[in-house]
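This briefing is for a reader who is new to the structure shown below.

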Amino acid sequence: MQLLEFQAKELFREYGISLLDSMSSTNIEEGKKHAKQLGYPFVIKIQVPVGGRGKAGGIQKCQNEDEFDIKYPQVMDLKIKGEKARAILLEKMADIKKELYLSIFLNRSKRCYTIIASSEGGVEIESVKNQIIKEIGLGDVSDEIAREIANKMGLKGITAEGVVDTLKKLSKLTIEKEAELVEINPLAIMQDDTVMALDGKFVTDDNANFRHDELQKYQEKTEIEKQAEKSGFSLVELDGDIAVVGNGAGLVMSTLDMLSDNGGKPACFLDVGGGATTESVYEALTLISKLDRVKGILVNLYGGIVKTTVVAEAFLKAYENNLIDLPVYSRLKGTESEKAKEMLKGSRIKIFDSVEEAINAAVMGRKK
Amino acid sequence: MTDIFELLKGNPNDADYKKKGVIVQGITGAYGSLHAKQMMAYGTNVVAGVTPGKGGQKFEETVPIYNSMQEAVDGTHAKISIIFVPAKFFLGAAKDALNAGIKLLVAIPEHVPIRDTMEALELAKQKGAIIIGPNTPGIMIPELIKIGIMPSMPFKAGKIAVLSKSGTLLYEISDALTNAGFGQSITIGIGGDPVNGTRLIDAFEMVKDISDLEGLVIVGEIGGDSEEMLAQKIMDLGFKKPTVAYIAGRAAPKEKRMGHAGAIVMGTYGSAESKVSMFNKANIPVAKRPAEVPVLLAGKMQK
């Protein structure tokens with residue numbers, strides 16, 4: 001999962017990384033109290049799990065109470081890349097000399113952790129110049145490595161000491177919390193030459209969740225996502241109106257692509273896992289029935305070992321129990337598909353031989 | 001690099017030529033036993049199973065079950081094992097296998113923590129062993145040996161190598177290839193995790209020198225940059241066999257994990273556009289739909 005800035009900063013604080021004073025709130029009353037405690041001026045920062053908020057107006061300077069009353073709700077109501085504000089962080093303003101970049105990330109192709117550092121931070125990583133890159137195996141950063149990085153960044157004195165210290169703390173954080181990415185951008189050099197983390201990004205390895213109860217409070221899941229997880233499915237909600245269900249992440253992604261190519265808009269990505277049983281397909285339909293915007297269901301199952309009659313049974317049961325009242329366009333590849341078609345004759349479930357035909361029918365059905 | 005065909009098939013003068021022994025770790029679990037039976041039905045020589053505490057019993061009345069990998073390897077001299085244990089027990093099972101002398105480890109479990117995969121990989125490197133996966137459907141030489149969970153129906157012996165991150169897309173695309181008359185010499189599931197024991201470039205190394213190879217199909221998806229690395233490698237080597245790619249996830253939103261732990265676009269890192277443009281640069285056509293793969297491959301072959 002990707003933590004919000006204020007959550008990442010909670011971890012930074014726990015690990016002794018220098019930060020400005022800040023407080024997070026979810027409504028303006030709470031925000032007002034914080035404003036009083038912090039004192040003006042400060043920065044109002046939207047908390048969303050995506051980047052690019054600065055450009056979209058999600059970070060606003062605030063000088064006094066009048067500005068606060070206007071800007072707090074403004075920032076709160078923003079949507080950044082479709083993401084609503086999860087909270088608002090008020091943070092003291094900093095008088096800074098320079099912005100640095102520092103991160104430790106899981107280098108997938110090299111299969112090790114890697115430090116990226118630069119003395120020219122403050123912009124998105126793709127635009128960070130003069131990147132210093134150092135592979136560090138399973139994530140441990142020795143004093144020697146940290147000094148080497150600070151040297152290459154051209155830093156001296158207490159600034160260099162600050163970067164060495166911050167890097168070692170980031171390393172500890174990466175290892176102990178099993179992060180995929182820990183980023184400080186910018187790491188600011190203050191007027192007194194010390195360094196401070198002005199922003200924080202933190203992505204954890206979800207597969208290691210079972211070892212990190214302490215991080216679960218940051219887990220942000222909708223009711224439907226929680227239910228999907230319980231059933232062993234993966235579900236990503238999208239903003240279209242055709243629910244896409246299949247077995248296997250690759251196959252479902254592929255179905256989303258083809259649906260979009262044909263002018264359809266997916267309402268969700270739902271992967272029921274490699275196999276498919278009457279129960280799992282019924283459970284998937286139960287989840288979809290809870291998404292209001294859905295106008296049709298596109299099912300793409302590559303059975304192999306799976307009997308398609310088993311899937312057909314789940315569809316029939318869902319209609320029988322009035323679970324769904326939507327057309328289903330399905331492509332079922334697997335054994336006994338003729339028998340399955342026979343079972344579904346006269347129902348609102350259409351079975352197609354190819355996924356292309358099923359997609360076309362789903363897109364046409366929506367236009368009706 | 002160890003020759004994958006030597007491991008899977010052996011040499012004509014080996015006593016176990018074309019029937020290399022495979023040990024199934026977690027053979028008595030629901031998933032392990034289902035697929036052990038399926039592999040046996042396919043002709044894979046399953047020589048032992050391992051389930052701690054069940055040593056001395058037999059699986060399907062023929063396959064001996066051992067308490068530990070060391071005992072299983074001592075008893076059978078097998079060099080291949082396949083793991084079907086829950087993700088949190090994967091690292092322990094992998095260490096047992098590698099320490100016992102396994103040279104090819106097929107790691108089926110999904111949801112293995114990255115740190116555990118990296119630790120297993122460190123050990124594999126020390127021991128000169130190959131790990132396929134985790135989160136892989138497995139590896140197979142059609143009509144000879146299947147070490148994995150793939151259905152047998154889509155595959156047919158032939159001369160095309162298929163490398164795939166996704167399981168079901170591997171089946172789907174192999175099925176389309178088979179129907180178009182393109183059998184497969186080998187298919188390798190890379191797995192959908194961020195860190196893979198065998199990356200696309202490693203799998204490419206395994207297959208690129210197959211003497212009668214007629215073509216290569218790469219089935220990628222969003223996340224990471226292993227497709228880009230492979231495209232670069234193909235260009236650097238001047239690999240000339242007809243090659244076609246498919247990339248899933250063009251329509252996926254950024255910064256969302258799409259089912260696979262590894263299928264996530266961060267900024268531009270891992271995007272479909274980046275992969276497609278690198279393949280284009282390497283003169284490798286990228287299919288828009290799985291069904292288009294054999295069509296593009298046939299086109300490449302005519303040139």
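Strand E1 (residues 21-25) of chain B runs parallel to strand E2 (residues 45-50) of chain B, and 5 bridges join the two. The model is predicted.

- E1(B) and E2(B) belong to an open sheet of 7 strands, whose order is E3-E4-E2-E1-E5-E6-E7 (chain B).
- The pairing in this sheet is mixed.
- Strand E3 (58-59) and E7 of chain B are the edge strands, and each of them pairs on one side only.
- Strands of a sheet pair through backbone hydrogen bonds, either parallel or antiparallel.
- Helix H4 (residues 90-99) of chain B lies across E1, strand E5 (80-83) and strand E6 (104-107) of chain B.
- The angle between H4(B) and E6(B) is about 165°.

**The two domains of chain B**

- The domain assignment divides chain B into domain 1 (4-132) and domain 2 (153-302).
- Between the C-alpha centres of domain 1 of chain B and domain 2 of chain B there are 26 Å.
- Domain 1 of chain B brings 11 residues to the contact between them, and domain 2 of chain B brings 8 residues.
- On the domain 1 side of this contact, helix H5 (114-127) and strand E7 (130-132) of chain B each supply at least two residues.
- H5(B) gives the most to that side, with 5 residues.
- By type, the residues on the domain 1 side are 10 nonpolar, 1 polar and no charged.

**A covered helix in chain B**

- Helix H7 (residues 200-207) of chain B is mostly covered, with 6 of its 8 residues buried.
- The buried residues of H7(B) are Leu200(B), Asp202(B), Ala203(B), Phe204(B), Met206(B) and Val207(B).
- The elements that cover them include helix H1 (4-8), strand E10 (157-164) and strand E11 (184-189) of chain B.
- Strand E12 (215-221) and helix H8 (226-237) of chain B are also among the covering elements.

**Chain A as a whole**

- Chain A has 11 helices and 19 strands.
- Along the principal axes, its C-alpha atoms fill a box of roughly 80 × 50 × 35 Å.
- Of the 368 residues in chain A, 45% are buried.
- Among the contacts in chain A with a separation of 6 or more, 67% are between residues 24 or more positions apart.

**A sheet of chain A**

- An open sheet of 4 strands in chain A has the order E2-E7-E3-E4, with antiparallel pairing.
- Strand E2 (22-25) and strand E4 (59-62) of chain A are at the edges and have a single partner strand each, so one side of each is left without a neighbour in the sheet.
- On average, neighbouring strands of this sheet are turned by 25° against each other, direction ignored.
- E2(A) runs antiparallel to strand E7 (residues 87-92) of chain A, and 4 bridges join them.
- Opposite Ser22(A) stands Glu91(A) in E7(A).
- Helix H3 (residues 65-77) of chain A lies across strand E3 (42-47), E4 and E7 of chain A, and runs at about 170° to E4(A).

**Where the chains meet**

- In the contact between the chains, 40 residues of chain A meet 46 residues of chain B.
- Strand E14 (234-237), H7, strand E16 (266-271) and strand E17 (296-307) of chain A each supply at least two residues of the chain A side.
- H7(A) makes the largest share of that side, 11 residues.
- The chain A side consists of 17 nonpolar, 12 polar and 11 charged residues.

**Nonpolar cores**

- The largest nonpolar core has 147 residues, and those that touch the most other members are Val244(A), Leu270(A), Leu298(A), Ile83(B), Leu105(B) and Val217(B).
- Helix H7 (residues 249-261) of chain A provides the largest share of this core, 7 residues.
- Leaving aside residues up to four places away in sequence, Leu270(A) touches Phe233(A), Leu235(A), Ala243(A), Val244(A), Val245(A), Val252(A), Ala284(A) and Leu287(A).
- Another core, of 53 residues, lies apart from the largest one and includes Leu11(A), Leu100(A), Phe105(A) and Leu187(A).
- In soluble globular proteins, nonpolar side chains tend to be buried together.

Key
Residues numbered from 1 in each chain as written. Chains lettered and ligands numbered in written order. Predicted model: local features only at pLDDT ≥ 70, side-chain atom pairs only at ≥ 80, totals over all residues. Pairing = 2+ DSSP bridges. Axes fitted to C-alpha atoms, helices over the stretch in contact; angles between N-to-C directions. Contact = placed C-beta atoms within 7 Å. Core = buried A, V, L, I, M, F, W, Y, C linked by C-beta atoms within 7 Å. Buried ≥ 20, exposed ≤ 12 C-beta atoms within 10 Å, placed from the backbone. Nonpolar A, V, L, I, M, F, W, Y, C, P; charged D, E, K, R; others polar. Domains from an automatic or database assignment.
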